[in-house]
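Have the viewer open as you read.

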Amino acid sequence: MYKRFLMMMIGCWMISLSMSADDAPLLTTADFAKPSMKWRPIPLWFWNNTRVSGTVLEQQLQQMIEKDGYGGCAILPFGQGFRPQYLSADYFNLYKMAVDYASLHGASMSIYDEYGFPSGSMGAINGSGVTTFKNNHPDHTIKRLDKMEYMVGSGATFDRKLPLSGKLMSLVAWNKTTKEILPLREYYDAETQHLKWTAPESSNWRVMVFQCVADGDPNVDYLSQEAVSLFVQDTHEAYYRHFGEHFGKAIVSTFFDEPTMYRAQGRMWTNDFNEQFEQRYGFSPEMLYPALWYDIGPKTAYARNLMFGLHSTLYSEGFMKTISDWAEAHGILATGHQDQEEIANPTSVAGDLMLVGKYLGMPGIDKIGNGRATEDFYKVVSSSANNWDKTYVMSETFGAMGNIPVEKLYETAIEQYTKGINHLIPHAVWYNDRDVTFLPELSWRNPLYNSELPAFNRFLARLNYVLERPGRHVADVAVLYPIQTQYAGHKFDGPKGYYEGGVEVEGTDYPRISHLLTDDLGIDFTYLHPETMDDRCTVANGQLVMSNKVNTEHFNMILLPGVKVISLANLRKIEQAWNEGVKVVFTTQYPQQAADGEEGDDEVKAIVNRMLESAVNKARFIPVPSVETLGAVMSELLPRRDVAFSDGPHPFNYLHKVIDGREVFYFGNIDATSATNTIRIRTAASKFVLLNPHTGQTVVPELNTVDEGFVEFRLQLRPCQSVFLVEEGLLLDNGSPVEPVEKKQSYTIEMQAEVDQLSAGVCFSIADQQNYCMWQINMSNPQHPRLRPHRWMGGNPSVLGEIDLPAELGLEIGSPFRLKLEIEEESYIKTYINDVLVDERGGSYVFGRIGFRQAHDDAFGKTEIARFDDVCITTLTSNPTDNTIRETQVFTADFSNSNPFSAGSVVSGWLKVEGQMSHDVLAWLNKVPSAVNALHVYSMSSKFWNIDGRPVPEGKPFHGIAIAGGKKYSMIR
């Protein structure tokens, strides 16, 4: 019955494959098990709303490194209460203490380039409130493009002074009916700002005036290299003047935060736009300006691709490239991320989310808050790195997500690293932890994380140790990044508002396609930017090849997601690849227009029709992509793909790279249920090693060769678990200094339960009244019962999930049901109701006291009432000699004679526990079950720790579970 408890964890799984190597291995088992300081994560460290002192600074930095397991920090001054003054002598004196401490202890620092955020104002927003950059450089802040329109009747004369307050960018007449555009500069007197023009003898003419004006936003003009150079001069150079000797040593990077083009009402512009346009394209853009707001006819897609394309380029070159060039010249990397990266139409937000990473040493993204679909955009940023041959991909993660469960930390990290991110920056540690603006506070001071954080940071360090290296990404599928379609469908002042990107472009499906491929079908891919398709892609040996010095990728399929507008050069190359056998798939809509101009529209349609109508290597069009429709096409067209999953309830997420000429796979389970998959990989190697990033353990056993060039194996992963599969020649076995871990207890808790009113709360892993777990069966809405797992840490409850319970369980108010909790090695729990598995999750579930908690629900004005019977706790102990499980009942209660719990009343052979209006009723088991070592005599000099990893105060009362010498004790004193 309990053989499932014998299943080996990933650290014990073995897969045998085989290989030879002449070169010295790049990785070692010892370094993987215990990565050095340089691989540890570097969190944001908010110096927030208080005066920072040198003594506390050093104490906190020491704790971050020694207790939390961080590898340094990025100091983020924040809030109007922060002191000393930003960039003052006192500020740099304190900063020096941090740099010196990091240098002394081998830690690393990243220079956060702002006071508050977003980067670019030197404290105006979320900082001091002083517009320092604007005060220093009033002519170099954000500009906005404004439009004025005047209706002019048929044959009427427009004769007036134009109310200009900025630089005139375009002056034209546009006919709304015929779409004709006429230049009006020759009728304009620049000295008097007077325009006199007579309209043709036709209706619907408008005089359109476009000017670039100062927006008033205090941030630097992101589109101007000159302006951004001034920002760099005022900030980055100040740090270099003080700490230049540490650059490239203790100081390893600079970090910018949340620049965006949705400022200036989503119409960010710059004074020299026209000059930049003429220099690059050889003609004036003035006749194209109406397309920024209106459909100007067949030339609309072409005009918008030129205008918005340059707009994005100036943003990427102005801010990102300027900072990155400075960083590279000073021996460090530049990283950072945009605001609102999860907007599918990035035209007026990030401009082009792939392009902003082109010039960065480390392209980045952030995962903040909840309910934001950032996960579907990780691949955009990691593909940017792949396209332009970057080693590192950053994510700032966890900010404003609240006090999420520890399991969510792992789930988020696993998803990011399987999607190509390899440098997670935790958000955040807070100097003033009494004034945390964006939870969680990820340090030793937060009782929710203090005992688990070191292990999580070791996990991240192991991921970094393997993946933060130059390597080649492997995927069969290329997905064309549909930015040209987004440009063509965009316009200023769109209905969604500038913060949400303004316009939802019809047919946009690429975030959905990304999710379907990676999360639902278990198929990795790389986005190809149109520029990369032109400049770096060729067709060779029946594949589309993206060539880079390091990251050269070979594709057997190209998928065009929701692409309506495409450059002819891109489409011609796709057809060339198709002619050589590369598979082509269109989803939602297929190309109809050329981004290069209307003259190419017919050729676009002809190429698409040839591919769709051919009897040989016929392209596929999926009008409604789904797991079923897209999955069927993938199985048909790519039956022998690089990685394939079968037999399991859902595939794993994965990453495949070639590092130092050797194969590296990373598999992770981010779903809510365990899965066992048969995995087939394409490889010429024959020996591999499994590395467990959760434990640092390394194992080597067997697998099947199923076909030439393919091997197959089975792998089980529980939720929030992951594993590396590494070619043997990449790894030197020089021992594994993983400290032995105390064998943890597996056990079950079973009972009959009945909800009489609202809910039933079953508590376990009880340390004291401030620290325990509670699984609540909530029937406040009897038609929609839910399981609500909770954890109390330091008296603070966290809801770990909201699980809807199916009607098939037959749960009703007043009707008994069977509840069973299976806990595996105190780290994983499965919940069964009426013998149906309804939830499973990782965590810390230390064996100990159980009980019940019933409260008063103010929302309903009622108390919670529940009954319990036939309570049984069973410990499960494995016998390695005969591979059996010994079951020992350590507690039973049928309430026929007495009540072994501290509260509640026995009614008709059931324990009834009813909440009170004035207080929660906690019915704890009076005695800790015997599987915990009874403590009778102990030395007063013994050092005891509670289950949170904090020392038990000597000489003070204590009641709960204590740990000493690797054993657990029930302590009452």
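In this predicted model, α8 gives the second largest pocket the largest share of its lining, 6 residues. Helices here are DSSP runs (H or I, at least four residues) numbered from the N terminus. That pocket has a volume of about 490 Å³, and 22 residues line it, with Tyr281, Asn305, Gly309, Gln484 and Tyr487 nearest its centre. A pocket is an open set of 1 Å grid points where a 1.4 Å probe fits, with protein on both sides within 12 Å along at least five of seven lines, and lining residues have an atom within 4 Å of a point. The volume is the space filled by probe spheres set on the points.

These helices each supply at least two lining residues:

| Helix | Residues |
|---|---|
| α7 | 273-281 |
| α8 | 300-329 |
| α12 | 483-489 |
| α14 | 530-535 |

By class, the lining has 10 nonpolar, 6 polar and 6 charged residues.

Now the helix pair. α10 (residues 406-418) and α11 (residues 453-467) pack at about 5°, axes 11 Å apart, so they count as roughly parallel (angles under 35 degrees). Leu409, Tyr410 and Ala413 are among the α10 residues that meet α11, where the partners include Phe456, Phe459 and Leu463. The contact (heavy atoms within 4.5 Å) has 11 nonpolar, 1 polar and no charged residues.

Confidence (pLDDT, from 0 to 100) averages 92 over the chain, and 92% of the residues score at least 70. pLDDT stays under 50 over residues 1-22 and over residues 965-973.

Numbering starts from 1 along each chain as its sequence is written, and side-chain values use heavy atoms, without hydrogens or water. Local features need pLDDT of at least 70, side-chain atom pairs count only at pLDDT 80 or more, and totals for chains, interfaces and linings use all residues.

Terms used:
Nonpolar A, V, L, I, M, F, W, Y, C, P; charged D, E, K, R; others polar. Axes fitted to C-alpha atoms, helices over the stretch in contact; angles between N-to-C directions. Parallel < 35°, antiparallel > 145°, perpendicular 65-115°, else oblique. pLDDT = per-residue confidence, 0-100.
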